[in-house]
Amino acid sequence: MNTPNLEDMGCGTSSATKDKKSEKALKAALVIQNWYRGYSARLKTRQRYALTIFQSIEYADEQGQLQLSNFFSFMLENYTNVPEKEPGLVTRLFGSSIQDKDRQDYLGLIEIPDSYCGPRLQFPLTFTDIDLLIEAFKQQQILHAYYVLEVLFETKKVLQQMPNFTHTNTSPSKEITICGDLHGKLDDLFLIFYKNGLPSVTNPYVFNGDFVDRGKNSMEILMILFVSFLVYPNDLHLNRGNHEDFMMNMRYGFTKEILHKYKMRSVLMPPIPMDGDRAEKKNKLGTATVALGIRTSGSFSEQLTKQEWEQVIDILWSDPRGKRGCYPNTNRGGGCYFGPDITSKILNKYQLKMLVRSHECKPEGYEICHDGKVITVFSASNYYEEGSNRGAYIRMSSGTTPRFFQYQITKATCFRPLYQRVNAIESSAIRMLKERMISRKTDLIRAFQLQDRNKSGKLSMGQWAFSMENVLGLNLPWRSLSSHLVTTDKDGNIDYMSGFQDVHIQKPVKEVQSSLIETVYRYRSDLQIIFNIIDSDHSGLISMEEFRSMWRLFKSHYSVHIDDSQFDELAERMDLNKDGSIDFNEFLKAFYVVHKFDQLNKSDTKLA
Amino acid sequence: MPSSRGSLRPRDGPASLMSPPLAEVAVAEFHKKIKEAFEVFDHESNNTVDVREVGTIIRSLGCCPSEGELHDLIAEVEEEEPTGYIRFEKFLPVMTEVLLERRYRPIPEDILLRAFEVLDPAKRGFLSKDELIKYMTEEGEPFSQEEMEEMLSAAIDPESNSIHYKDYITMMVIDEN
């Protein structure tokens, strides 16, 4: 140092100078460390908040899904408006038309052209077909519909013969690997096979459902899993998840993926329900893997009774929680929450040691709860967004502790520092949240104004948070998120209209009321599913008449208060009539959210 | 340079000096804020969090305790026989005090800058990677390897292998706002 110090002026020895310097350095280091730890903690919290937002919205959508199922039941009871489509609609909704045509009918409709250079499977399937598929999919080839159908029929045949429960033996030399949700993320499956080896007699696997939806390779995952299952039916176990469901697929992307990859509308495969509504329980003491089912052996096309269906939902939708007892799963709108006491009771009753389940995205890919008796494993990394979470799988055998393997697929962003990744998922989450807000703008403003007695345009933090939670039905840390959503004045009061400033729903037609635009935007996924189901020839068009009557039914079931005349006017003004038909995809695409400060013009219109 | 250690804790305006209604409202708001922060880490929704996440929660509420101070805080909220979990009922009153008394205030930007400058006596405007590692892992309340790597990934300029601390600080401050 060049500036004169007290020490240099003869007050201390040179070692005292050193001590003083090192004391300063110590203090400086402490300051930096302290600041950094605070900053790092806040980053992690922001990441956690983003995940909470994604998850809340996902579960709220699932509620919407169950509501839609109810709507279909309601629709069928109010049949008068949809006369001659009747049989088609029923069978399409409940999938019992599978039995009408058999394998040959379908396969007879398709030919594989010589020009096809994708993978060619050979029945009976062997492990070379698994390799073949994997290599082909790595090069982004698409398996021809002919083979897809063959695999589907064959799988159905084998599954039908299997019981709902499967027992498997394990030993230290023959461990079993358990994977959770994959959701169409092919890269994660490839990584698991790369790290853990392909399935075989000595390398058995359990896949715990939710193979499809959301990711863009649901079909490829399904094909790899089904082919592997056909080759090793005793060593590759497939359990059903809540996404192995026709209606879920319509909303969450699998149907769309199929329509996109296989533009063969006339042979669109009706849903293949997977046999076995199975949860997976492990008996560590002995040898058994027990899959618990509720369907007794019976004809595949038998309809479930209402009670059976409720049991299915319970198995596929429930989540473990810390609170004791069993109570409705209000987040998801179906299934229940079950506590550690319930777990103990059931495990003791069947002399089981552990429950391994999936269904919930966990930041670390897995989570252990209920005193180590329940493990959640989730295998789709970056499920919500690049950087949102790790994936994991478990290896276990009788007599050993389970071993967990974690991973995260990253591409170019691999070397991005943490703060950039957090920024990315945070922006994405806030964006989604803002879209939610705008879709409920009318209801929110009404709720705000009810509390704003002075008509000042301002509310306290508490009041604002209360309304947000109530109207949106999302249990989120509103106070912590408020800085991203609204402006706050120096007294800590919130300007509630500021939340709607930089987003709006594009008005396809100026003269129509905002509330109608908002409503159509809000229910756009549901409407799309409904229209797709009505559209029996998959032409993308329905008649104006059907369009109107469907809207009226929808309106009454969902208690939407919009004038019929408003809606008619909207449809007409959008000039979508093509010979008395409406292209409903075009109709729905016209409703999207514009984010003011976006590089892109359109928001992510993720229509199912 | 203010020391963040020691038993002298800055206190302004203890709650009792504020008029009762204001104090009540303030406390109620703090309670809600604390509950929100706690719930995000309460995975099983049973009003407990893993003790290893308590530091993150406290810091997310805007406080910057040192590791030593954090250790003391944890001792206050832990059970008689530590279970590895912290219950909300114990956490809430302690944390409310902390917020009301405005304890563990964050480091202002200029103090942070001066701290870096102390470690850079030659006033080059940067620290080499090795220097930063040495200070952060050997002095004060040393970083773990993970913390060190994490800080480096954002702070380091890969071409010069050094940390231009002024730019770094500016970047971090912008990011938080």
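Are E62(A) and R332(A) buried or exposed? Both of them are buried, where buried means under 20% relative accessible area, exposed means over 50% and partly exposed lies in between, with a 1.4 Å probe and protein chains only.

Before going further, please keep in mind that this is a predicted model, in which local features need pLDDT of at least 70 and side-chain atom pairs count only at pLDDT 80 or more, while totals for chains, interfaces and linings use all residues. Residues are numbered from 1 along each chain as its sequence is written, chains are lettered from A and ligands numbered from 1 in the order in which they are written, and side-chain values use heavy atoms, leaving out hydrogens and water.

E62(A) and R332(A) form a salt bridge, with their closest N and O atoms 2.9 Å apart; the term stands for a side-chain nitrogen of Lys or Arg within 4 Å of a carboxyl oxygen of Asp or Glu. Because E62(A) sits in helix α1 of chain A and R332(A) in the loop between β7 (326–328) and β8 (336–338), the pair ties together parts that are 270 residues apart in sequence. Both residues belong to a network of salt bridges that also includes E360(A) and K362(A), and those two meet with their closest N and O atoms 3.8 Å apart.

Over all chains, the whole structure holds 37 salt bridges. One of them pairs E67(B) with R37(A) at 3.7 Å, N to O, and it joins two chains, because E67(B) lies in helix α3 of chain B and R37(A) in helix α1 (residues 14–77) of chain A. E67(B) counts as partly exposed at 30% relative accessibility, whereas R37(A) is buried at 5%.

That brings me to chain B, which has 8 helices and 4 strands, taken as DSSP runs numbered from the N terminus (helices H or I, at least four residues; strands E, at least two). In its helix α3 (residues 67–77), E69(B), L70(B), L73(B), I74(B) and V77(B) are buried. Viewed down the axis, these buried residues fall within an arc of 140 degrees, so they line one face of the helix; the arc is that of the directions from the helix axis to the C-beta atoms. On the other side, H71(B) and A75(B) are exposed. The buried residues of α3(B) pack against α2 (54–60), β2 (85–87) and α4 (88–100) of chain B, contact meaning heavy atoms within 4.5 Å.
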